[in-house]
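Let's take a walk through this structure together. Please keep the viewer open as you read, and find each residue as it comes up.

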Amino acid sequence: MLTITQYREAFLGYLNKKIITKEPVNLYEPITYILNLGGKRLRPVLVLLSTEIFDTPYEKALDAALAIEVFHNFSLVHDDIMDDAPLRRGKATVHEKWDLNTGILSGDAMLINAYQLFENYEGPVFKELAQLFTKTAIQVCEGQQYDVDFANREDVEIKDYLKMIEYKTAVLVGASLQMGAILGGASQDCKKALYDYGCLLGIAFQLQDDYLDAFGDPETFGKQLGGDIIENKKTFLYLTALRNAKNSEARQLEHLYSINPMDTSGKIEAVKSIFQESGASELAREEIGRYTQKAFEVLDSIEISEDKKAMLRNFGSLLMDREV
């Protein structure tokens, strides 16, 4: 087996060979742009890694890994449009660099391209990969709709939020691991356990991402800090603060989430202060740790060798290796 860095390099070489700007340029150049913005490429690496865990060469999984990466970036293009986000990985978002219509159309083409990549597999493997991908893709859309719906709901609870991030983020991490297990010919128990491991890690990752949106380092976070606060998103931090804060602070928080000032800096700082004073920031950190620990407990139950478990555990640590 390779190191995570070697898997990433192998994937990037394949991506650069397969993703090229062709005619019409205004359709394909934004695709090349978003796919070359960087990122850790953790999801495609998971596909390659989990394939080799079951003694199958990672080369067999390159198209599935590319499909996962293309789909993930498609979802980012459309999410950025819906959120009117100016930055992605520290660079202009597609709809800001080009325009709204280009972002929509190029994103649509990316979704189609992702499905096309599965055509390189045959028979039962193609069917199982396609079924998993279709299920995952619709769950991601459902998660995004829940996220949108929450903006106009006053009865959102923490369990609702956790379901939303499971669908919007975590299922794609789980599917990446399960795709590798499918290509590696793993047992049904191993496929399910790897999926569960990925989902739990994905929830921890999104909880961390939401935490860093408020309290991260702007030099390393890669997105606009306070974006969730500006958009009045009902994250774990907000819902926990609303539940735990004093009545006066809870009412102030509700008021702050009802306004959209031109200068957002004051609103961001006031909300962050309530997150801290209510204990929500600390509880968020604890929840991140709890889901990470649950993921590692699932990993311990999988019937693979200890050295392969160590590879997956190291990957999990890398996924969560951001300042919290």
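The largest cavity is lined by Leu207, Asp210, Tyr211, Phe236, Leu237 and Ala284. On a 1 Å grid over the protein atoms alone, a cavity is a set of points where a 1.4 Å probe fits but cannot get out, and a lining residue has an atom within 4 Å of a point. This cavity holds about 40 Å³ of space, and the structure has one cavity of 30 Å³ or more. Volume here is the space filled by probe spheres set on the points, with grid points joined across faces, edges and corners. Its lining divides into five nonpolar residues, no polar ones and one charged; Ala, Val, Leu, Ile, Met, Phe, Trp, Tyr, Cys and Pro count as nonpolar, Asp, Glu, Lys and Arg as charged, and the others, Gly among them, as polar. Helix 9 and helix 12 each supply at least two lining residues, with the largest share, three residues, coming from helix 9. Helices are DSSP runs (H or I, at least four residues), numbered from the N terminus.

Before going on, please note that this is a predicted model, in which local features need pLDDT of at least 70 and side-chain atom pairs count only at pLDDT 80 or more, while totals for chains, interfaces and linings use all residues. Residues are numbered from 1 along each chain as its sequence is written, and side-chain values use heavy atoms, leaving out hydrogens and water.

Next, follow helix 12 (residues 236-244), where Phe236, Leu237, Tyr238, Leu239, Thr240 and Ala241 are buried. Buried means under 20% relative accessible area, exposed over 50%, and partly exposed in between (1.4 Å probe, protein chains only). These buried residues pack against helix 8, helix 9 (188-215), helix 13 (247-256), helix 14 (265-277) and helix 15 (280-301), where a contact means heavy atoms within 4.5 Å.

Now for the nonpolar core. A core of this kind is a set of buried Ala, Val, Leu, Ile, Met, Phe, Trp, Tyr and Cys residues joined through side-chain atoms within 4.5 Å. The largest one has 108 residues, and Met179, Leu207, Phe275 and Leu312 have the most contacts inside it. Helix 8 (residues 158-183) gives the largest share of this core, 16 residues. Setting aside residues up to four places away in sequence, Leu312 touches Leu49, Ile53, Leu177, Leu194, Tyr197, Leu299 and Ile304.

What about the aromatic rings? A pair of them is described by the distance of the centres and the angle of the planes. Rings of Phe, Tyr and Trp (its six-membered ring) pair if their centres lie within 6.5 Å; planes under 30 degrees apart count as stacked, over 60 as edge-to-face and the rest as tilted. The count by this rule is 11 aromatic pairs. One of them joins Tyr146 and Tyr167, which is tilted because the planes stand at 50 degrees, with the ring centres 6.4 Å apart. This pair links distant parts of the chain, with Tyr146 in helix 7 (residues 123-150) and Tyr167 in helix 8, 21 residues apart. Tyr146 is partly exposed at 28% relative accessibility, whereas Tyr167 is buried at 18%. Tyr211 and Phe215 form another tilted pair, with centres 5.1 Å apart and planes at 40 degrees. Tyr211 and Phe215 are four residues apart in helix 9, so about one helical turn separates them. Tyr211, which also lines the largest cavity, is buried at 9% relative accessibility. Elsewhere, ring pairs link Phe71, Phe74, Tyr115, Phe118 and Phe133 into a cluster.

Two single residues complete the tour. Gln144 sits in helix 7 and is buried, with a relative accessible area of 8%. Apart from residues up to four places away in sequence, Gln144 touches Asp79, Met82 and Lys168. Gly226 lies in the loop between helix 10 (218-221) and helix 11 (227-230) and is buried, with a relative accessible area of 1%. Beyond its neighbours within four places in sequence, Gly226 is in contact with Asp213 and Ile268.

How values were computed. On a 1 Å grid over the protein atoms alone, a cavity is a set of points where a 1.4 Å probe fits but cannot get out, and a pocket is an open set with protein on both sides within 12 Å along at least five of seven lines; lining residues have an atom within 4 Å of a point.
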